[in-house]
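Here is a walk through the fold and the chain contact, written for someone with the model open on screen. Keep the viewer handy as you read.

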Protein chains: 2
Amino acid sequence: MTAFTVIGHLSHSDGAFSLNDLPGSGGRMDILCRCLNASLFLSHDMRRDIICYLVLCGGPVPQKTVRFSGDLIRSLSPDERSAGALIKKALDIPVGSEFRDAAPGVSVRKGGLAQLMTEQAFAILDEKGIDIRTAEVIPEAFLLSDHLNFTDDEELLIKQCPRYSVGPACIHADHAITIVHNELDRRRHGWK
Amino acid sequence: MTAFTVIGHLSHSDGAFSLNDLPGSGGRMDILCRCLNASLFLSHDMRRDIICYLVLCGGPVPQKTVRFSGDLIRSLSPDERSAGALIKKALDIPVGSEFRDAAPGVSVRKGGLAQLMTEQAFAILDEKGIDIRTAEVIPEAFLLSDHLNFTDDEELLIKQCPRYSVGPACIHADHAITIVHNELDRRRHGWK
């Protein structure tokens with residue numbers, strides 16, 4: 001089981017955004033949609049052993065975390081709008097501090113990174129980290145930021161976490177997830 | 001300079017599709033939009049040395065090819081809708097058999113794979129190919145299919161082309177492009 005968590009610093013934490021304008025009205029919700037796609041999709045299949053957490057920090061209500069479980073999810077297509085619709089559905093239900101089901105394989109709760117840090121031993125995907133191809137073991141939980149750097153408060157929370165890089169270029173979060181998957185796929189199948 | 005060409009077997013060859021329904025009304029235009037994103041985007045920058053060709057085979061008019069040049073392109077954001085809008089704009093102008101500019105860095109012409117084959121020495125991205133990490137030199141022009149296999153006619157055209165695989169899993173075309181870029185980035189910067 002591998003988990004990817006993505007922080008959406010500007011992403012709306014309620015469902016009042018338009019699927020016709022995910023970048024603007026959703027607060028760069030398009031980035032989170034692409035990260036969800038990269039986490040879960042194989043060609044004509046889903047990666048059943050993956051969990052993807054999206055942390056929505058952009059208000060207007062306090063932070064929420066939406067969890068997607070590859071083994072249970074239904075009604076998700078690869079396009080951004082499909083992912084956006086599922087996120088929107090999750091954000092529309094009333095929630096407390098425990099995960100509540102919003103759809104098969106999709107659940108949501110109040111809270112963000114601080115709570116996730118008490119549950120997972122994160123490795124940070126960061127272009128200044130050590131090369132993931134040289135890692136003896138691939139970590140089980142990765143944390144990524146959207147198009148913005150981690151905030152000072154977040155950096156304080158994660159300062160003890162190991163950092164891994166997928167390559168020398170500064171790339172989008174969803175592209176980094178795809179490269180981690182490639183490394184995992186190769187190791188699982190005995191490719192070097 | 002590296003070029004990625006993606007065949008959209010069902011993708012509309014005129015601009016009469018809705019940006020609100022790229023998968024349905026566009027004939028899986030969402031796939032081509034993600035391939036364009038994977039080809040051209042770095043974090044907060046574009047890959048200037050890349051050309052991306054999208055081949056639209058889904059009718060209702062004969063096949064067209066839209067060409068995107070990373071060094072010239074403007075007005076492209078990473079979200080699918082932005083890419084879809086630029087493709088739609090290109091498909092809306094009248095064209096002949098020579099590339100005609102539709103927007104900065106975007107041009108379009110009639111014709112598809114057969115014409116491209118006379119201009120480029122393609123390597124095919126295919127899960128049955130040889131491992132790209134073992135390639136002595138990374139090819140300069142890659143050909144990919146969308147969610148469908150190459151047709152019999154296409155297979156006949158490309159039967160002499162070398163085939164490369166990016167890994168053991170059967171993945172989406174845009175994810176494969178991202179992994180090729182990772183291999184190129186690593187070699188360019190002396191990472192193994």
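## What counts as touching

Two residues are in contact if their C-beta atoms, placed from the backbone, lie within 7 Å. Keep in mind that this is a predicted model.

By that rule, what does Leu54(B) touch, leaving out residues up to four places away in sequence? The partners are Val6(B), Gly8(B), Leu32(B), Leu36(B), Val66(B) and Ile87(B). Leu54(B) also turns up in the largest nonpolar core, a set of 105 residues. Along with Cys35(A), Cys52(A) and Leu54(A), Leu54(B) is among the residues with the most contacts inside that core.

## The sheet in chain B

Now for the strands. Chain B has an open sheet of eight strands, and reading across it gives E6-E7-E5-E4-E1-E9-E8-E10, with mixed pairing. Strand E6 (100-103) and strand E10 (163-165) of chain B are the edges, each pairing on one side only. On average, neighbouring strands in this sheet are turned by 35 degrees against each other, direction ignored.

Zoom in on a few pairs. Strand E1 (residues 2-8) and strand E4 (residues 50-56) of chain B run in the parallel sense, with seven bridges between them, and Phe4(B) sits opposite Cys52(B) in E4(B). E8(B) pairs with E9(B) in the parallel sense over two bridges, and here Ile124(B) faces Leu143(B) in E9(B). E8(B) also pairs with E10(B), again in the parallel sense, this time over four bridges; Leu125(B) is opposite Tyr164(B) in E10(B).

## Helices across the strands

Which strands does helix H1 (residues 29-40) of chain B lie across? They are E1, E4 and strand E5 (64-69) of chain B, and the helix runs at about 170 degrees to E4(B).

Helix H5 (residues 173-188) of chain B lies across E1, strand E8 (123-131) and strand E9 (141-145) of chain B. Its angle to E9(B) is about 160 degrees.

## Where the chains meet

Conventions: Residues are numbered from 1 along each chain as its sequence is written. Chains are lettered from A and ligands numbered from 1 in the order in which they are written. This is a predicted model: local features need pLDDT of at least 70, side-chain atom pairs count only at pLDDT 80 or more; totals for chains, interfaces and linings use all residues. A nonpolar core is a set of buried Ala, Val, Leu, Ile, Met, Phe, Trp, Tyr and Cys residues joined through C-beta atoms within 7 Å. A residue is buried if 20 or more other C-beta atoms lie within 10 Å of its own, exposed if 12 or fewer, and partly exposed in between; C-beta atoms are placed from the backbone. Two strands pair if DSSP finds at least two bridges between them. Axes are lines fitted to C-alpha atoms, for helices over the stretch in contact, and angles run from 0 to 180 degrees between N-to-C directions.
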